[in-house]
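Trainee: I would like to learn how to read a model like this one. Please take me through it feature by feature.

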Amino acid sequence: MKKNINLYGDFLKDAFRDCRPRIGIVLGSGLNNLVDSMEIREKLSYADIPGFPRSTVAGHEGAFVCGNIGNVPVLAAKGRFHYYEGYELDDILAIMRSFHALNIPDVIITNAAGLMDPSHQPGDILLIRDCIDMTHLSRALKAGTQKTSRKERQIAMDAAKESGIRLGEGVYVWTTGPSYETPAEIRYFRTLGGDLVGMSTMPEIMWARENGMRVYPFSCATNWASGISEQPLTHEEVSETAQRVKHDLTRYILMLCQRIGD
Ligand code: HPA
């Protein structure tokens with residue numbers, strides 16, 4: 001069923017009339033602490049937005065938070081919608097559609113991902129250079145817009161240097177989840193050129209670029225992907241690494257917002 005996107009677009013325009021956000025930020029699992037560094041002006045729970053999907057994942061609060069980072073007004077989305085929760089593509093894209101309805105030109109997207117590239121370590125932050133769709137759900141989106149542009153890359157790299165974080169780069173493989181992959185799947189994804197694996201982000205990147213927004217997509221590599229290390233992969237490891245990295249990621253995103261806002 002087609003959702004009434006106009007309904008929440010108009011509602012949000014009214015709700016954030018005074019904030020006028022310049023950058024939209026999607027905060028991945030365990031990476032929500034960025035809002036503690038914001039001077040918060042408005043907060044709106046997804047549950048209070050007519051026609052908006054609801055967040056079902058534990059630890060995902062489900063709210064937009066509008067405020068300033070330095071002198072740049074930003075709108076952060078705490079909690080996103082995943083295919084494995086039973087949502088359709090329209091729901092998954094609700095946050096991007098909201099940013100677009102608010103005429104936000106720049107979007108920062110973060111996620112937690114499994115690491116396949118052995119030249120990095122769990123705990124590293126990587127810019128998503130390109131994507132591979134293993135869900136085949138993105139056929140509803142146009143192809144060819146998943147690649148990070150040279151300009152976006154330059155801004156992302158400059159902000160990394162200035163904030164003193166080591167920023168890697170990689171190709172993100174999108175899977176439906178909810179379970180982690182098998183070791184054989186990971187070996188296969190590696191042969192395709194994948195460096196990271198996760199259950200979100202690719203449709204958001206594609207839709208936002210198709211609709212003329214600039215996108216800065218990042219993965220926090222929270223664990224070795226299945227079968228790469230001897231140790232079995234657990235949700236606890238993913239959460240623990242996200243906790244460890246979130247301070248670096250926050251410092252980086254604060255700097256990136258300043259650079260984008262310049
Ligand atoms: N696979 C898929 N999604 C993930 C992983 C993983 O290893 N880690 C965090 N999100």
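Mentor: Start with burial. Buried means under 20% relative accessible area, exposed means over 50%, and partly exposed lies in between (1.4 Å probe, protein chains only). Asp-124, at 11% relative accessibility, therefore counts as buried. This is a predicted model, where local features need pLDDT of at least 70, side-chain atom pairs count only at pLDDT 80 or more, and totals for chains, interfaces and linings use all residues. Residues are numbered from 1 along each chain as its sequence is written, and side-chain values use heavy atoms, with hydrogens and water left out.

Trainee: What does Asp-124 meet in a salt bridge?

Mentor: Side chains of opposite charge can pair when their charged atoms come close. A salt bridge here is a side-chain nitrogen of Lys or Arg within 4 Å of a carboxyl oxygen of Asp or Glu. Asp-124 pairs with Arg-166 at 3.3 Å, N to O. The two sit 42 residues apart, so the pair links distant parts of the chain. Arg-166 is exposed, at 61% relative accessibility.

Trainee: How many salt bridges does the structure hold?

Mentor: It holds 14. One of them joins Asp-195 to Arg-190, with the closest N and O atoms 3.0 Å apart. Asp-195 is buried, at 8%; Arg-190 is partly exposed, at 33%. Salt bridges with shared partners also join Arg-22, Asp-106 and Arg-214 into one network.

Trainee: Which residues are around the ligand?

Mentor: Near means that a heavy atom of the residue lies within 4 Å. Among those around the ligand are Ala-112, Glu-181, Met-199, Asn-223 and Val-238. The shell divides into 7 nonpolar, 4 polar and 1 charged (Ala, Val, Leu, Ile, Met, Phe, Trp, Tyr, Cys and Pro count as nonpolar, Asp, Glu, Lys and Arg as charged, the others, Gly among them, as polar).

Trainee: Which strand supplies the largest share of that shell?

Mentor: Strands are DSSP runs of E, at least two residues; helices are runs of H or I, at least four; both are numbered from the N terminus. S5 gives the largest share, 3 residues.

Trainee: How far is a ligand nitrogen from the side chain of Asn-223?

Mentor: A nitrogen of the ligand lies 2.8 Å from an N or O atom in the Asn-223 side chain. For Glu-181, the side-chain distance is 2.9 Å. Taken alone, the ligand exposes 260 Å², and the protein buries 95% of that (Shrake-Rupley method, 1.4 Å probe).

Trainee: Where is the kink in helix H7 centred?

Mentor: A bend is the angle between axes fitted to the seven residues ending at a residue and the seven starting there. In H7 (residues 235–261), the kink is about 45° and centres on Val-245. Val-245 is also one of the buried residues of H7.

Conventions: A polar contact is a pair of N or O atoms within 3.5 Å; within protein, one must be able to donate a hydrogen and the other to accept it, and residues adjacent in sequence count only if both atoms are side-chain atoms.
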